[in-house]
Amino acid sequence: MRRFIIRRVLQSILLIWAVMSLTFLLINIAPGGPDAILAQNPKLTKDQIAAIRESYGLNKPLYEQYIVWMGRIVTFDFGRSYTNPFPAVQRVFERVPNTAELGLASYLIGMLGIPIGIYAARHRGKFGDNFIRVVTVIGSCMPVWWISLMVIFILAATLRWFPQGEGQGGVLPWFVNLIIPAALLSTGTLISFTRFVRAETLEVLSQDYVRTANAKGLAAGQVNRWHVFRNSLIPVVTLLGYLLPTLVSGAIITEQIFQWPGMGRLFYQSAVSRDMPVLLCILYISTILTVLGTLLADIGYGLVDPRVRYD
Amino acid sequence: MAPLLEVRNLKTQFKSKDGVVKAVDDVSFYIDKGETLGVVGESGSGKSVTAMSILRLVQAPGKVVDGQILFEGRDLLKLDDKDMRKVRGKEIAMIFQDPMTSLNPVLTVGRQLSEPLITHLGLTKTQALKESVDLLKMVGIPNAAERVHSFPHHFSGGMRQRVMIAMALACRPKLIIADEPTTALDVTIQAQILELLEKLQAETGTAVMLITHALGVVAGMADRINVMYAGHIVETATSDELFDNPRHPYTMGLLKSIPRLDESRRGRLQPIKGSPPDLLDLPKGCPFVSRCEYALPQAEIILPQLRQVPSVTDGGRSEHWIACHSEVKMGDPPVHPAQEVA
């Protein structure tokens, strides 16, 4: 187990390095890379541009920039933002609590899919199950941004049940402001969990060992808890890990729509304004989260399933 | 004395889109205390469904639609769910066909053995674990005290079936239903498992209903044998009687299709021609009629009921019933020499 974790952590570091190198390369060779904004600004003279380029280290050859940049990101230093006098890391980290709040809330709402999926499986073919299946199919066919706009339009703009805009002051307004974006951000997670848990539970319900448990005369609750759910929820542990990073990336759209002051919105703004240090910093965090989520999923899988061996 | 288990006119059916499958159709039989009843038949003959019906574990869309299952005089079909769960595992335990899939992969063997002990006998976890070790010893698992903490995937198929047997014996049930307990195991292990079952039965005095598709398996073990075909019992007799004097053409066919050590090798093995009938579309008369070498005209239209026939063993006192219109014996020339099925 320890050897497995050490090996996986080393692999993860290598993976993060590869992803970041590729990202750096792509951003620098793509049209509209770091220089584009400067070059397009008619107010800047050639000398001014050269001075700015020098202050950001952009005048050096790409491989030199890369080596310097690599050395700095190890210590979480992404340099100054292009659009703002603050360090990129500081601008990103200011937004972390907001995104974490939204992400966590939506994660928790998404986990409601577990009991919903179990309910559907246990009432297979009955009204409740059919209803859940139809709603999840429709839900996964509609893009989140479209649902979000409809919800804003109906609940906030027309019915005025919920405020539009950013949450401020007091627990209740905070909660009310959080709940709608979080619920909408969670649709994907909620649907995944529901469908996944339903399928897994149905699969386990038809297993021989569930029949054995019933034949032993155990109470229904015992059978369900230890023989059905204990097995059907194993793959969910992996899903929990894999979905971790999607909350940050998924939040780009939701945060933009709800004007949520989080990392997702900052990412969008930075992309529009070609603020490369900020962009790369957010990508760095997402990459780390993705790799971490996968690692946690693999470790978690081994903890809940004794058949998994780490060698 | 009333038998331990008496099944009367059991009918279990599965509703499907294409119609009603009569998996078990009007089956009656009994098992005495401490007795071994063999149930023989090919796949789809209703053996397993009969067993599952007794424990009321038939899964939807299957349903017991009629009959009585009297266990020590109580009709199991009339018990509520809670009382039925007290019968399962405690009074009647079951051993399943595939030991590789019949144990929960994520719980230790000890934990799974403990469950019925805690549920039915009210043991504490510690007591149950101790008892589990004893049970594992009883079924011949070495290092039981350590293995009790192992997971099923640490055991081989034969060892897992031993665990299943230990689990079935845990609460000292009065009846164990063994549904093809050796089918999934290789031949040498099969013999070991059967020996173990026999030994434990002798020690505990529990009755066994041994379901199998292989006559050879029941031959040495069963006191009496039911032969099932297409949801019906077609012949029932004591083991000796059945092997010495088979009277139903289907049983004869089964016997002719297994090799015997005590006969010369000149006799060829003869498979039963044709295939079993579609349970969705059973013939009006005898279900075996289309494959039968001895069928009388009335077999096409009248379903034969079980009737007693004279026995040749135990001084003619042993029981022997067949569901057949005809009076043929093993070795009689066929009335309709069966055509080769292409």
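Student: Where does P61(B) lie?
Tutor: In this predicted model, P61(B) sits in the loop between α1 (47-54) and β4 (62-71) of chain B. A cis peptide bond, with omega of about 5°, joins A60(B) to P61(B).

Student: Why is E180(B) called buried?
Tutor: A residue counts as buried if 20 or more other C-beta atoms lie within 10 Å of its own. E180(B) has 22 such neighbours, so it is buried. This residue belongs to the loop between β7 and α7 (187-204) of chain B, and its phi is positive, about 50°, although it is not a glycine.

Student: And what makes R172(B) partly exposed?
Tutor: Exposed means 12 or fewer neighbours, and buried means 20 or more. R172(B) has 13 within 10 Å, so it falls in between and is partly exposed. R172(B) is in the loop between α6 and β7 (175-179) of chain B, and it too is a non-glycine residue with a positive phi of about 50°.

Student: How do you know that β2 and β5 of chain B stand at the edges?
Tutor: The open sheet runs β2-β1-β4-β5 in chain B, with antiparallel pairing. β2 (19-31) and β5 (74-75) each have a single partner strand, so one side of each has no neighbour in the sheet.

Student: What makes β1 and β2 of chain B a pair?
Tutor: Pairing takes at least two bridges. β1 (residues 5-16) and β2(B) share ten, in the antiparallel sense, so they qualify. Here K11(B) stands opposite D25(B) in β2(B).

Student: Which residues touch the most other members of the largest nonpolar core?
Tutor: A166(B) and M209(B), out of 96 residues. Helix α6 (residues 157-169) of chain B gives the most to this core, eight residues.

Methods:
Residues are numbered from 1 along each chain as its sequence is written. Chains are lettered from A and ligands numbered from 1 in the order in which they are written. This is a predicted model: local features need pLDDT of at least 70, side-chain atom pairs count only at pLDDT 80 or more; totals for chains, interfaces and linings use all residues. A nonpolar core is a set of buried Ala, Val, Leu, Ile, Met, Phe, Trp, Tyr and Cys residues joined through C-beta atoms within 7 Å. Helices (H or I, at least four residues) and strands (E, at least two) are DSSP runs, numbered from the N terminus.
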